[in-house]
Amino acid sequence: MAKSKLMPPEEALARILEGAVPLGVEQVPVADTYGRVLAEDLAARRTQPPAAMSAMDGYAVRAADIATVPVKLKIAGEAAAGRVFPRPLAAGEAVRIFTGGVVPPGSDTISIQENTRRDGDVVEVLQSEKPGRHIRKQGLDFSEGDVRLKSGQIIGARHLALAAAMNYAAVPVVRRPCVAMFSTGDELVMPGSETGPGQIILSNGFAIAAIARREGALALDLGIVPDAVEATIAAIRRARAWGADVLVTTGGASVGDYDLVQKALSAEGMELAFWKIAVRPGKPLMSGKIAGMRVIGLPGNPVSAVVCSELFLVPLLRALGGFPNVHPTLVSAVAGRNIAANDERQDYMRARMTIDGDGRRVVVPVETQDSSMMSALAMSECLLVRAPHAPPLEAGAACEILLLE
Ligand SMILES: Nc1nc2c(c(=O)[nH]1)N[C@H]1C(S)=C(S)[C@@H](COP(=O)(O)OP(=O)(O)OC[C@H]3O[C@@H](n4cnc5c(N)ncnc54)[C@H](O)[C@@H]3O)O[C@H]1N2
Ligand code: MOO
C-alpha cells in the first residue's frame with residue numbers, strides 16, 4: 001500500500017484555525033473579569049475627576065492672596081473628600097481641604113499644610129504658590145465618552161480597576177470557549193486505582209483540561225471511554241449536549257483494531273478536515289467538525305497529546321477566546337550538543353535548557369525521545385524544533401525552541 005503524504009503542521013494549524021473567530025460577547029461583573037478579553041471598546045461613563053480636586057492636604061486659597069507671605073487668611077470651612085464646600089471663596093479666605101476634596105470655586109491654588117501655621121479659624125500661609133498648584137483638573141484622567149480601554153485588551157488588575165472607575169459594573173468580554181474532552185482506552189484507570197497487568201493510569205485528560213483552563217476555556221472532562229463505538233458515540237453526544245465549542249479526544253487515533261474514535265465521530269456526522277500530520281510526536285492527529293463543534297483528535301501517547309495540545313489546541317482556544325497572540329512563539333537558542341539530521345516529520349524534541357555566560361539559551365535534547373515518556377516531558381524546559389529533513393546540527397549552532405511553561 002502506498003504511504004499517504006502527511007500534512008505539514010503549518011497547513012494543519014491553518015485548517016484548525018479556519019473560521020475560528022472570537023466567540024460571542026457576554027457581560028461579566030467587573031470583579032470577575034481578570035484575565036478575560038475585552039469584547040468592545042469601553043468609553044468612560046463619567047468624568048474623572050468629576051470636578052477640580054486637591055492633590056494634597058492643606059488649604060484652598062487664591063494665589064493672588066498669598067503673593068506676599070507670610071499672610072493670614074480666615075478659614076471659611078472645610079472640603080473633605082466627598083463633601084463640597086457650599087459657596088465660592090471670597091478674597092482673604094481659605095478653605096481647609098484634604099486630598100481628593102473638591103476645590104471651591106474662587107480658589108485657584110492649594111497651600112500645603114506643611115507651609116502653613118494654624119491658629120483657631122485663621123491660617124498663616126508661609127509660602128506663595130502659582131495658580132493651579134496641587135490641583136487636579138476636572139477630567140485629568142478621563143472625560144465622559146473617552147475610549148480608554150480597547151477591544152481585545154486582556155484584562156489585568158490595572159484594566160479592571162480602570163473599567164470600574166469608568167463606572168462599569170459589568171464589562172463586555174469574549175465568551176470562554178467550552179472544551180469537552182474524553183480519553184479512550186480499555187486499559188485506562190483513574191489515578192489511585194489498584195492496577196492490574198497492562199493497565200495504564202489516565203494522565204492525558206488532566207493535562208488537556210489544565211491547558212484548556214490555562215488558556216481561559218471552560219473544561220469538561222468526560223473521563224475514560226472504553227474502546228467501543230457505542231460508548232464513544234455516547235461521549236460525543238454528551239459533549240454536544242453540554243454545548244462544547246471544541247471536543248478533544250485522546251487515544252484511538254492510529255490504525256489499530258481498537259482505534260475507533262474516527263469511526264464514532266464519522267457516525268455522528270463529523271466532516272473530517274485532516275488526519276495524520278508530518279509532526280513528531282503526534283503523527284495521527286485528526287481534526288474535523290460536527291455541526292458547530294470543532295473536534296481535535298489527539299494521539300493517546302501522553303507526550304504526543306500534550307505537545308499537540310500546545311501546538312494545535314492552544315492556538316484554536318486563543319483564536320476563539322479573542323486573544324491577540326494566537327500562534328506559538330518560537331525563540332532562538334543554540335544547540336548544546338550535536339544533533340542528528342531529521343527525517344520527513346517536523347520534530348519537537350524534549351530538551352533541557354540552561355543560560356550560558358553570554359545569556360544564550362543552550363539546549364540539550366533528552367536522551368530518549370519516546371512519546372510515551374511523561375517524565376522526560378516534565379523535566380524539559382523547552383521543545384527543540386527540527387524542520388523536516390533538517391541537516392545535522394552541530395553543538396553551538398543556532399536553533400529554534402518553544403518554551404514550555
Ligand atoms: N502501525 C502503526 N502503529 C502506530 C502508528 C502508525 O502510524 N502505524 N502510529 C504510532 C504513533 S506515532 C502514535 S502517536 C500512536 C498513537 O496511537 P493512538 O492514538 O491510537 O493511541 P493509543 O493506542 O490509544 O494509545 C497509545 C499509548 O498511550 C496510552 N494512553 C492512551 N490514552 C492515554 C491517557 N488518556 N492517559 C495516559 N496514557 C494513555 C496507551 O495506553 C498507549 O500505551 O500510535 C502508534 N502506532
Ligand atoms: O506521533 Mo507518535 O506521537 O510519534 O508517538
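This briefing walks through the confidence, domains, cores, ligand surroundings and backbone features of the structure above. It is a predicted model, in which local features need pLDDT of at least 70, side-chain atom pairs count only at pLDDT 80 or more, and totals for chains, interfaces and linings use all residues. Residues are numbered from 1 along each chain as its sequence is written, while chains are lettered from A and ligands numbered from 1 in the order in which they are written.

**Confidence**
- The protein has a mean pLDDT of 96, and 99% of its residues reach 70 or more; pLDDT is the predictor's confidence in each residue, from 0 to 100.
- For the model, ipTM is 0.96 and pTM is 0.92.

**Domains**
- The protein splits into domain 1 (9-23 + 176-321), domain 2 (25-48 + 141-174), domain 3 (53-136) and domain 4 (331-403), with bounds that come from an automatic or database domain assignment.
- Taken over C-alpha atoms, the centres of domain 2 and domain 4 are 42 Å apart.

**Nonpolar cores**
- A nonpolar core is a set of buried Ala, Val, Leu, Ile, Met, Phe, Trp, Tyr and Cys residues joined through C-beta atoms within 7 Å.
- A residue is buried if 20 or more other C-beta atoms lie within 10 Å of its own, exposed if 12 or fewer, and partly exposed in between, with C-beta atoms placed from the backbone.
- The largest nonpolar core has 66 residues, of which V179, L247, V248, F312, L383, L384 and I401 touch the most other members.
- Helix α6 gives the most to this core, 13 residues; helices (H or I, at least four residues) and strands (E, at least two) are DSSP runs, numbered from the N terminus.
- Both domain 1 and domain 4 supply at least three residues to this core.
- Leaving aside residues up to four places away in sequence, V179 touches A212, A217, L218, A219, A244, D245, V246, V248 and L317, where contact means C-beta atoms, placed from the backbone, within 7 Å.
- Another core lies apart from the largest one and has 18 residues, including A60, V61, V102 and I135.

**Around the ligands**
- A residue counts as near a ligand if its C-beta atom, placed from the backbone, lies within 6 Å of it.
- Ligand 1 is surrounded by 27 residues, the closest being S183, N204, G251, A253 and G300.
- Helices α3 (204-214) and α6 (302-321) each bring at least two residues to the shell around ligand 1.
- That shell holds 9 nonpolar, 15 polar and 3 charged residues; Ala, Val, Leu, Ile, Met, Phe, Trp, Tyr, Cys and Pro count as nonpolar, Asp, Glu, Lys and Arg as charged, and the others, Gly among them, as polar.
- Around ligand 2 sit R280, P281, G282, K283, P299, N301, S304 and S371, a shell with 2 nonpolar, 4 polar and 2 charged residues.

**Backbone features to look for**
- Most residues other than glycine have a negative phi, and most peptide bonds are trans.
- R280 and P281 are joined by a cis peptide bond with omega about 0°, and P281 lies in the loop between β19 (279-280) and β20 (286-290).
- Q48 and P49 are also joined by a cis peptide bond, with omega about -5°; P49 is in the loop between β2 (42-43) and β3 (53-54).
- K276, in the loop between β18 (271-275) and β19, has a positive phi near 85°, and K276 counts as partly exposed because it has 18 C-beta neighbours inside 10 Å.
- H389 has a positive phi of about 60° and is found in the loop between β25 (382-386) and β26 (398-403); H389 counts as exposed because it has 11 C-beta neighbours inside 10 Å.

Conventions:
Two residues are in contact if their C-beta atoms, placed from the backbone, lie within 7 Å.
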